[in-house]
Structures are given as structure tokens and as C-alpha cells.
Amino acid sequence: MGSRTLKLSNLDKPFWPAEGITKGDLLAYYQAVAPVLVPHLKDRPFTMRRYPNGIDGKAFFQKDAPKGMPQWIETARIQVTTRDRPRQRRWIRAPLVNDELALLWMVNMGCIDMNAWYSRVDRLERPDFVLFDLDPSPDVGFAETVQVALLVKEALDGLGLQSFPKTSSADGMHVLVPIERRHTYDDTRRFSEIVAGAIARSYPKLATTQWAKAKRRGVLIDANQNGEGKTIASAYSVRPRPGAPVSTPLRWEEVEPGLDPLQFTMAAVQERVAKHGDLFEPVLTVRQRLSEALKALG
């Protein structure tokens, strides 16, 4: 691409051995969806989650740009919090996936799903959206996740806020609320906690805010995922799960009983993009204020 060269490797390596899906198949998918995916990654610190030997091999996270990364992949110098105890702050050089070639380099390095911050490097402290992360406990399934997603939509509709759903993997869902870049991560977390808590109290057998897995029953509405440095698998990300499901943007009318997230394969998603374009494009363009909603919620 221009003066830049990307050499791909091990295209025949099985990444999903049971399904016969290779690394080359994954690269071909990401090249096909790059026009709708890259805008959702652009200018956001990118965390590499690498599966060099496919989903059955060991995986590891890499926040700092690795040695040998091409100079033509842009980076941003940012501070992150370590997982060490006590937690510390350190400076890293975070990769930015700002074009197709950078995206394909990440995939060639074994990244299966694309994990990026909620905010962009010019205003890292100001997220672009509130996330409602719906994670079913072992006692429930995707049908209950759909029910909770619709309850989240109902609550947001009542507050005058547009929201946009996508599958997150084989059993969970994400609901995103795009916002103006005036709110802090504390604002978004407080908002999601209030909404999640209200739903959990109204439907205690269906929804929960209990984070501890041992005590959890029903579908977790995880407000803790709203925080600086948190990442989610972007729309159109292939997930490292059996069947290679894709995190797929949906129309709300599709979120109904019988919805099967495993139907959203790489081939199916390419067909959807060809037919509908980017259903998540409003997440990039719609800007809403939380101020009135927070006042209404007390």
C-alpha cells in the first residue's frame, strides 16, 4: 500500500482447528470488513490480545507496542495502570489501528478480536459512549440476555437516549449509548450503575449487578466495564470461541426471542455489511448528553 509493505505469514495455520478456519481465512475476513471496522478503532489506544497458535493455544495481552512493529503504524504515549499490587501507573507506547494495513498487521501477529479504548487519544479522559455489558451466568442463556437487553433499551428510551446493540460473543451482548465528549468515565459508570441497579431490583430473577460469579444469578449488567483503560471487543471482531462468532451490530427489531448469536459467522457478517452497511455508524456520529438523564435518575 503505497510505500508500505506488509508480509503475511503462516496463512494455512489452523486458528479454529475443529472448524477448519485458518489464519488466512481470518485475514481475508478482516480485509473485507476493514472499511466498516477501522473507523471504530481509529485513534483509540489498542490492546493486542494475541493468539499466535489459534484459539487452542496460549493467549496473552500486550498493551505496549511490540519491538519490530513497523514505524508506519502510529502510536500514542499514554499512561496505564498495571495489574500489580499495589497498582502503579506507567507510560507505554500504545498502537493505533488507523487504517487497513495496521489492522492486518495486528491480525498477522495473532490478534483475533480487536480491543480498543472507549475514548480517543486527543481526549483520553472523555469516553465516546456508555457501555452496558450483558454477561449471562451459567444458570441462564442467551434468551435471558435478549430479555435484559430489551429492558436496558426500555430504560434508555424512557430517558430519551438512543442505544445500539451488538452481540459480544456466543452468549453475551453489548448495548452502547453514544455521548458527547464532555462526560467523564466516572459519569458513565455512575449512569450505568443507576440504570443497571434499577433493572436488577425490578427483575431480581432475571438481571443482577452481582459481580462475584459464585453469588451471581441471572444476567449480569456489568457497569464496572465503564472505566479509563478498559477495552471491549469492537464491532465486527471475530471472537476466540468455538464457531468463530463475530461481535455483530444489530437492529433493535432483530433483538427478539430466538435470536442466535452463533449465526453471525464471518461469511454471514460480510453479507450483512454488503446489504446494510455499518449498522454501528451512529455510535460514531450521534452525540447525546447524560446531564438530564442523570438528573432524572436522582
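Author: Let's begin with who touches whom, where contact means heavy atoms within 4.5 Å. Asp25, Leu26, Tyr29, Ala32, Val33 and Val36 of α1 meet Met266, Val269, Gln270 and Val273 of α5. By class, that contact has eight nonpolar, one polar and one charged residues. A quick note: this is a predicted model, where local features need pLDDT of at least 70 and side-chain atom pairs count only at 80 or more, while totals for chains, interfaces and linings use all residues. Residues are numbered from 1 along each chain as its sequence is written, and side-chain values use heavy atoms, leaving out hydrogens and water.

Reader: How do the axes of α1 and α5 cross?

Author: Two packed helices are described by the angle and the distance between their axes. Here, the axes of α1 (residues 23-41) and α5 (residues 266-276) come within 10 Å and cross at roughly 20°. That makes α1 roughly parallel to α5 (angles under 35 degrees count as such).

Reader: Is Gln288 buried or exposed?

Author: Buried means under 20% relative accessible area, exposed over 50%, and partly exposed in between (1.4 Å probe, protein chains only). Gln288 has 9%, so it's buried. You'll find Gln288 in the loop between α6 (281-285) and α7 (291-297). A polar atom of the Gln288 side chain lies 2.9 Å from the backbone oxygen of Pro178.

Reader: And what about Thr145, buried or exposed?

Author: Thr145 is buried, at 0% relative accessibility. Thr145 sits in helix α3 (residues 142-158). Leaving aside neighbours within four places in sequence, its contacts include Leu134, Pro136 and Val219.

Terms used:
Axes fitted to C-alpha atoms, helices over the stretch in contact; angles between N-to-C directions. Helix = DSSP H or I, 4+ residues; strand = E, 2+ residues; numbered from the N terminus. Parallel < 35°, antiparallel > 145°, perpendicular 65-115°, else oblique. Nonpolar A, V, L, I, M, F, W, Y, C, P; charged D, E, K, R; others polar. Polar contact = N/O pair within 3.5 Å; in protein donor to acceptor, adjacent residues only side chain to side chain.
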